[in-house]
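I opened this notebook page to record what I looked up in one chain. The entries follow the order of my reading.

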Amino acid sequence: GSPVVSYSISAGPAGAPITIEGLDVIHADNAHPVTRSISGFSPAPGTAVSVAALNVAGDGKPAVVVLK
């Protein structure tokens with residue numbers, strides 16, 4: 001597929017998505033993962049957080065985790 005150009009992160013049923021983009025996202029791999037601290041983003045335990053990758057074809061299927 002096409003390279004990832006950004007990631008969309010949202011938390012909870014009505015969470016506004018946060019987009020992470022930049023050159024390091026495009027060139028991330030297992031040896032050089034993407035990490036970000038997001039000021040003010042502190043979902044409570046039990047909150048579902050989803051992360052979806054975006055490329056020229058559109059949004060990918062989101063990965064969803066529930067925080068402990």
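I first looked up burial: 16% of the 68 residues of the chain count as buried (under 20% relative accessible area; exposed is over 50%, partly exposed in between, with a 1.4 Å probe and protein chains only). I note that this is a predicted model, in which local features need pLDDT of at least 70, side-chain atom pairs count only at pLDDT 80 or more, and totals for chains, interfaces and linings use all residues. Residues are numbered from 1 along each chain as its sequence is written, and side-chain values use heavy atoms, with hydrogens and water left out.

I then listed the elements, which run β-β-α-β-β-β from the N terminus. Helices (H or I, at least four residues) and strands (E, at least two) are DSSP runs, numbered from the N terminus.

For contacts (heavy atoms within 4.5 Å), I recorded that 37% of those with a separation of 6 or more join residues 24 or more positions apart.

I turned to N55, which lies in strand 3, residues 48-55. The N55 side chain reaches the backbone nitrogen of A57 at 2.8 Å. Neighbours within four places in sequence aside, N55 is in contact with S2, P3, V4 and V5.

G60 is partly exposed, because its relative accessible area is 34%. Neighbours within four places in sequence aside, G60 is in contact with A52 and A53. The C-alpha atoms of G60 and S8 are separated by 9.8 Å, and these residues are 52 apart along the chain.

Methods: Polar contact = N/O pair within 3.5 Å; in protein donor to acceptor, adjacent residues only side chain to side chain.
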